[in-house]
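Subject: Structure handover

Hello,

Here is the structure for your files. My notes follow below it.

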Amino acid sequence: MLKLFLNTTDNFLCHSVKNVFAKTETLYQEKNMQMNLLEELENFQENPLGCTIGLKSKFETNVKLKIKLILGFFFVLIPLIVFTIFAYFTQIPLALAFIATFAIAILVSSRMEEIASRYVQSRKLEVSKNHLHS
């Protein structure tokens, strides 16, 4: 059961990262905004979930913000609501709901960093091959 949950979570995170990058790349291409995708991927790979304040790259800022919103909504807000309701009905101290939510957020964010880093590596290879063939 735990393995199924972890696989489902990993699949969700993988698809989320892929969709965020694809939509952001498409948006930049449609608006004819100049960007060096390989350079953007390099910058992102160095610190996948790092601070977005002060970044020069709008692409990197957009991607990181969207990923953090996904993490915040699905792995902080929803678990916090569920654990709070559970704590209310079972008379468990509310602090445990916050601790459980914090634990989930930490585990998922570390997993998201790894998934994002792997996606960026594979995307860089794909972009490099496309540049060589064109």
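Is K124 buried or exposed? K124 is buried, at a relative accessible area of 16%. Buried means under 20% relative accessible area, exposed over 50%, and partly exposed in between (1.4 Å probe, protein chains only).

Some ground rules. This is a predicted model, where local features need pLDDT of at least 70, side-chain atom pairs count only at pLDDT 80 or more, and totals for chains, interfaces and linings use all residues. Residues are numbered from 1 along each chain as its sequence is written, and side-chain values use heavy atoms, with hydrogens and water left out.

**Salt bridges**

The whole structure holds seven salt bridges (a side-chain nitrogen of Lys or Arg within 4 Å of a carboxyl oxygen of Asp or Glu). One of them pairs K124 with E42, with the closest N and O atoms 2.6 Å apart. K124 sits in helix α4 (residues 94-133) and E42 in helix α2, so this pair ties together parts that are 82 residues apart in sequence. Helices here are DSSP runs (H or I, at least four residues), numbered from the N terminus. E42 is partly exposed, at 38%.

Helix α4 also has E126 and R123, three residues apart, about one turn of the helix. Their side chains meet in a salt bridge of 2.7 Å, N to O. R123 counts as buried at 12% relative accessibility, while E126 is partly exposed at 43%.

E114 and R111 form a salt bridge too, at 3.0 Å, N to O. Both residues are partly exposed: E114 has a relative accessible area of 33%, R111 one of 26%. A network of salt bridges links D10, R111, E114 and R118.

E40 lies in helix α2 (residues 37-46). E40 is buried yet has no salt bridge. The nearest side chain of opposite charge, K64, is 9.4 Å away (Lys and Arg count as positive, Asp and Glu as negative; His and the chain ends are not counted). Leaving aside neighbours within four places in sequence, E40 is in contact (heavy atoms within 4.5 Å) with M35, S57, F59 and E60.

**Nonpolar patch**

F12, F73, F74, L77, I78, I81, V82, I85, Y88 and F89 make a nonpolar surface patch of about 970 Å². Patch residues have over 30% relative accessible area and no salt bridge, with nonpolar side chains (Val, Leu, Ile, Met, Phe, Trp, Tyr) joined within 5 Å. Areas come from the Shrake-Rupley method with a 1.4 Å probe. Helix α3 (residues 58-90) gives the largest share, nine residues. Y88 is found in helix α3 and counts as exposed, at 61%.

Best regards

Note on methods
Helix = DSSP H or I, 4+ residues; strand = E, 2+ residues; numbered from the N terminus. Patch = residues over 30% accessible without salt bridge, like charges linked within 9 Å, V, L, I, M, F, W, Y side chains within 5 Å.
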